[in-house]
Amino acid sequence: MGCCYSGEDNNSGEKSSETDPLIPPPNPTSKPPNGTDWITTNVPSARTDEQALLNSIITKTAQNIIDVSAADSVVMEQHEYMDKARQYSTKLAVLSTNLHQKKALTLPSLTSQPHQVLASDLVPYSDVQQVSKIAAYACSAISQIKVDAKEELVVQFAIP
Amino acid sequence: MTTAALTAGLDRIPDQLGYLVISEDGVLASAGELENDEHTAGVIMQMVRTACRFRLSGSAEAPFKRMSVILDDFVYVATISGQKVFVVKRQNNQHQAVCA
């Protein structure tokens, strides 16, 4: 009453969703977590319930925490390390070439007869004039956009 | 495709003053007033890339076949074929109609 786990009953089902780890540990009974003194076993001691509860807290915390600062957390042989490095760089290379390919393919092919297209008649002067006129109208219209302020933006609340 | 095959038809274009053939990596061929003109090549490439991004409503493909940059005395016309940009500088003969 009034402290953590005071109401916990290992047999109750409703609390299990709160205490289950988000990512199920790969092998809960595997090697002891780094950086902690692991003296007791997983089986709660019959001596006191308090001891058992404390142990279960330690177990759960240790399962949920990844200690990256612990010493000799990575014991890998040289060839394993090189293999992994090679794996990662291959994966990166594949991803970066995919990205680069996407960028290079963004030039669409407009025609299969470039010489013909470039040799055909130039745009008629009347068309150019018309487009220039339309663009000038559009430019002038945009420059005339303005805010029509109808009301005050900031008002005082009337507090009697 | 050899450079000669790329450029064969370009110098036969009527009233052409020069041309460029540009790829993603750089200028493949150049001649006439555009010979070695990497600056113009860069500018035209950027304009072409920008134009390719336009889309008319309801269409998935690029909305143009040829891009013309019209100046007073001459015109740059550009198109894309087989991942290469072809640019030709031509005389601008489309002048104002003279009222008799």
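Let's start with Asn92(B) and what it touches. Leaving out residues up to four places away in sequence, Asn92(B) contacts Leu122(A), Ile70(B), Leu71(B), Asp72(B), Asp73(B), Phe74(B) and Val75(B). Keep in mind that this is a predicted model. Asn92(B) sits in the segment after E5 of chain B.

Buried or exposed? Asn92(B) is buried, because its relative accessibility is 8% and the cut-off for buried is under 20%.

Now the polar side. Which backbone oxygens does the side chain of Asn92(B) reach? One belongs to Leu71(B), 3.0 Å from a polar atom of that side chain. Another belongs to Asp72(B), at 3.4 Å.

Phe74(B) was on that contact list. On to its ring, then. Over all chains, the structure holds one aromatic pair. The partners are Phe74(B) and Tyr76(B). A ring pair is described by the distance of the centres and the angle of the planes. Here the centres are 5.6 Å apart and the planes stand at 80 degrees. The pair counts as edge-to-face because its angle of 80 degrees is over 60. The two residues fall in separate burial classes. Tyr76(B) is buried, at 13% relative accessible area. Phe74(B) is partly exposed, at 24%.

Next, the interface. Asn92(B) already gave us one contact across it, Leu122(A). In total, 34 residues of chain B are in contact with 21 residues of chain A. Together the two chains bury about 2300 Å², with 65% of that on carbon and sulfur atoms. On the chain B side, Arg66(B), Ile80(B) and Gln94(B) lose the most area to chain A. Together those three make up 24% of what that side buries.

What about charge pairing and polar contacts? Between chain B and chain A there are zero salt bridges. Polar contacts, though, join nine residue pairs, both residues at pLDDT 80 or more.

Which elements build the chain B side? Helices H1 (3-7) and H2 (38-53) each supply at least two residues, and so do strands E3 (67-70), E4 (74-81) and E5 (84-91). E4(B) gives the largest share, six residues. By class, that side has 18 nonpolar, 12 polar and four charged residues.

Last stop, Gly32(B). This glycine is found in strand E2 of chain B, residues 26-32. Which residues does Gly32(B) touch, beyond those up to four places away in sequence? Leu17(B) and Gly18(B). Leu17(B) is 15 residues away along the chain, yet the C-alpha atoms of Gly32(B) and Leu17(B) are separated by 5.9 Å.

Notes
Residues numbered from 1 in each chain as written. Chains lettered and ligands numbered in written order. Predicted model: local features only at pLDDT ≥ 70, side-chain atom pairs only at ≥ 80, totals over all residues. Heavy atoms only, no water. Contact = heavy atoms within 4.5 Å. Buried area = accessible area lost by both parts, 1.4 Å probe. Salt bridge = Lys/Arg side-chain N within 4 Å of Asp/Glu carboxyl O. Polar contact = N/O pair within 3.5 Å; in protein donor to acceptor, adjacent residues only side chain to side chain. Helix = DSSP H or I, 4+ residues; strand = E, 2+ residues; numbered from the N terminus. Nonpolar A, V, L, I, M, F, W, Y, C, P; charged D, E, K, R; others polar. Phe/Tyr/Trp six-rings, centres within 6.5 Å; stacked < 30°, edge-to-face > 60°. Buried < 20%, exposed > 50% of the residue type's maximum accessible area, 1.4 Å probe, protein only.
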